[in-house]
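This report describes one protein model, going from the whole chain to a single residue. The structure comes first.

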Amino acid sequence: MFDGKTIVITGASSGLGAALASVMAGEGAHLALMGRDARKLGSVAENCRSSGAGVVEVAGDVVDRGDCERLLAAALEEFGSIDYLVLNAGVSMWSRFEDVEDPEIFSKIMDTNYLGVVHCVYHGLDALKKSGGLVVAISSVQGVTGVPFHTGYCASKHALQGFCDSLRMELRGTGVDVLTVMPSWIRGTGLRARAFGGSGAALGDSAKGHHKSAVELESLVGKVARAMKKRKRRLFVPGYLRFVPLLKALCPRLLDRIIRKKVSR
């Protein structure tokens, strides 16, 4: 299904982005990869090339509109088309709102998780229309409900969800589809260690560990790949999370209690 297709992936230097790149390289895709860490990105790119994939890499940050434009331009120059735009770059937080020392972290989270997607879609949309492509936004179940200690992260994912749902309606009839991926917490990405604490610095070794119910990275990669092939509208992982919006509408206090209990673990 991915053989000969051009797939653009942001946040590709580690975690989910790197894992998706590896799987899709093995299926014969052409890859355009972007990440902030040039050394790690280069390692991911070489790994994909060893699988026989054509790869172009762009060291950059989705916060920078110029970097996003360079990424999409490089994909088109190298491969001539864009079939999938996988928007995976993201940053999180773990702090009570009242403990945040500088609200600038909210701007940083919004710039990466929301505006970073906007920048890439803006520069890639014409190419996606020509190929009848798919926008894949790696969001979170926190895009449809609040979670304590994640006020800024939840706000950015709510914005992302609203953007994707609106964009999907605007693109009806163009051949371009929009998939939003909404997992629970994911084990093995390093996202929590890079999350902002109240001081504005990354949590690093002080980050809390994942509960055993967290989604395994390998499992998520397989589910995302299958959802892309089927051009699904939404993907909740685990699947029972698809009931969260319904529970929020019908029993919001019950949902609040469930979430608070899970976070306390």
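Lys and Arg count as positive and Asp and Glu as negative, while His and the chain ends are not counted; the place of a charge is taken as NZ of Lys, CZ of Arg, CG of Asp or CD of Glu. On that basis the protein has 35 positive and 26 negative side chains, and the centres of the two sets lie 12 Å apart.

The model is predicted: local features need pLDDT of at least 70, side-chain atom pairs count only at pLDDT 80 or more, and totals for chains, interfaces and linings use all residues. Residues are numbered from 1 along each chain as its sequence is written, and side-chain values use heavy atoms, with hydrogens and water left out.

The protein contains nine helices and nine strands (DSSP runs, H or I of at least four residues for helices and E of at least two for strands, numbered from the N terminus). Two values describe the whole protein.

| Property | Value |
|---|---|
| Span of the C-alpha trace along its principal axes | about 50 × 40 × 30 Å |
| Buried share of the 265 residues | 48% |

Buried means under 20% relative accessible area, exposed over 50%, and partly exposed in between, with a 1.4 Å probe and protein chains only.

Gly 133 lies in the loop between helix H4 (104-131) and strand S5 (134-138). Its relative accessibility is 1%, so Gly 133 counts as buried. Beyond its neighbours within four places in sequence, Gly 133 is in contact (heavy atoms within 4.5 Å) with residues including Asp 83, Asp 177 and Arg 231. Thr 6 is 127 residues from Gly 133 in sequence, and their C-alpha atoms are 9.7 Å apart in space.
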